[in-house]
Amino acid sequence: MFAVYAKEPNPDDPLASLTVGERPEPETPDGWVKVAVKAASLNMHDLWTLRGVGIKPEQFPMILGCDGAGVLDDGSEVVLHSVINDPAWHGDDTLDPQRTLLTEKYQGSFAEHIVVPARNVLPKPAGLSFAEAATMGTAWLTAYRMLFVKSGLRPGQTFLVQGASGGVSTALVQLGSAAGYRVWVTGRSEEKRALAERLGAHQSFESGARLPERVDAVFETVGKATWGHSVKSLKPGGIIVVSGATSGPDATAELQRVFFLQLRVAGSTMGTREELASLLSYVDLARIRPQIGAELPLEDAERGFRDMQAGETAGKIVFTR
């Protein structure tokens, strides 16, 4: 079958490992289902896989793609939940020590077909296209958990999103503005800031700019480049929810400010199957449509990877079949 995959780990030049070609059709174990993929979205995790981060060398070649939407053999339209748990695990899916994401141990969704455990497919809302539904399982689920599960914020409070145009960032803007929060963002360019405001941000600022007032929460996916600004932007008792570090993980901790102002830092990773079900229901009820910056045929995947690596995104990059 046709697929986009990483042929080997390449820490220094990840796109050199990106391969477009044929891979074997997957077998379907008992308790698993086969999905004909209609759309799948690109995530930073795919670039990390190309670099060999979070995946053992013997797992290559690995079909890329952490999430997607498609059709079961019986015609049911479904959305993928990307967190694969140990069958014996009970509890929060994201806390399972044996959990894995698609493309870490099991082949991903940038292909004609994918097989996943039966519990890892959820009904696709009729109001979402396959391309829109394909953004839900990673970036939008991450944003949903950060905002509604981890932050403890109430509608009417103010939060700051560091970085205005990435997949998680645009999801936070759209989810937060629809739910009654005051949403501020930072962005490196006027175009990125304008995009955030079109999606519902109440104000936008240059990266590192002094804010009119301190905020109740900051949502971090950037890391080293913005961490100091995030800590300085919080009210006493405020919270930073962090789910990524695209600019590097080794930020200065700012511990004196953290303990003196009693700030909180919460990590967040992906989300549970139940949270994905709630997210799908929420976007359907609120008529939210995710921001898709580019929709490309899977055959043109390299173009999407290059845009993501260069930071040239305006929402999610989605590949379709």
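Trainee: Where is Ser-82 placed?
Mentor: Ser-82 sits in the loop between β6 (77–80) and β7 (83–84). Helices (H or I, at least four residues) and strands (E, at least two) are DSSP runs, numbered from the N terminus.

Trainee: And what are we working with here?
Mentor: It is a predicted model: local features need pLDDT of at least 70, side-chain atom pairs count only at pLDDT 80 or more, and totals for chains, interfaces and linings use all residues. Residues are numbered from 1 along each chain as its sequence is written, and side-chain values use heavy atoms, with hydrogens and water left out.

Trainee: Is Ser-82 buried or exposed?
Mentor: Ser-82 is buried, at a relative accessible area of 1%. Buried means under 20% relative accessible area, exposed over 50%, partly exposed in between (1.4 Å probe, protein chains only).

Trainee: What does the side chain of Ser-82 reach?
Mentor: The backbone oxygen of Cys-66, at 2.2 Å.

Trainee: Which residues is Ser-82 in contact with, leaving aside neighbours within four places in sequence?
Mentor: Among them are Cys-66, Asp-67, Thr-100, Asn-120, Gly-137 and Met-270. Contact means heavy atoms within 4.5 Å.

Trainee: Now β6. How many bridges join β5 to β6?
Mentor: There are 3 bridges, and β5 (residues 69–72) runs antiparallel to β6. Two strands pair if DSSP finds at least two bridges between them. Ala-69 has Val-79 as its bridge partner in β6. The hairpin of β5 and β6 has 4 residues between the strands, and Gly-75 there takes a positive phi near 95 degrees.

Trainee: Which strand does β6 also pair with, over 3 bridges?
Mentor: Strand β10 (residues 121–123), in the antiparallel sense. Leu-80 has Val-121 as its bridge partner in β10.

Trainee: New topic. What is the strand order in the open sheet of 6 strands?
Mentor: The order is β13-β12-β11-β14-β15-β16, with parallel pairing. β13 (203–206) and β16 (264–267) each have a single partner strand, so one side of each is left without a neighbour in the sheet. Neighbouring strands of this sheet are turned by 20 degrees against each other on average, direction ignored.

Trainee: How many bridges join β15 to β16?
Mentor: Strand β15 (residues 234–242) is joined to β16 by 4 bridges. Ile-240 stands opposite Val-265 in β16.

Trainee: What does helix α4 lie across?
Mentor: Helix α4 (residues 167–178) lies across β11 (158–162), β12 (182–187) and β14 (215–220), at about 165 degrees to β11. Axes are lines fitted to C-alpha atoms, for helices over the stretch in contact, and angles run from 0 to 180 degrees between N-to-C directions. Helix α5 (residues 190–198) packs on the sheet too, touching β12 and β13.

Trainee: Last one. At what angle do α1 and α9 cross?
Mentor: Helix α1 (residues 44–51) and helix α9 (residues 301–309) cross at roughly 100 degrees, and their axes come within 10 Å. That makes α1 roughly perpendicular to α9. The cut-offs are under 35 degrees for roughly parallel, over 145 for roughly antiparallel, 65 to 115 for roughly perpendicular, and oblique for the rest.

Trainee: Which residues of α9 make the contact?
Mentor: Phe-305, Met-308 and Gln-309.

Conventions. Polar contact = N/O pair within 3.5 Å; in protein donor to acceptor, adjacent residues only side chain to side chain.
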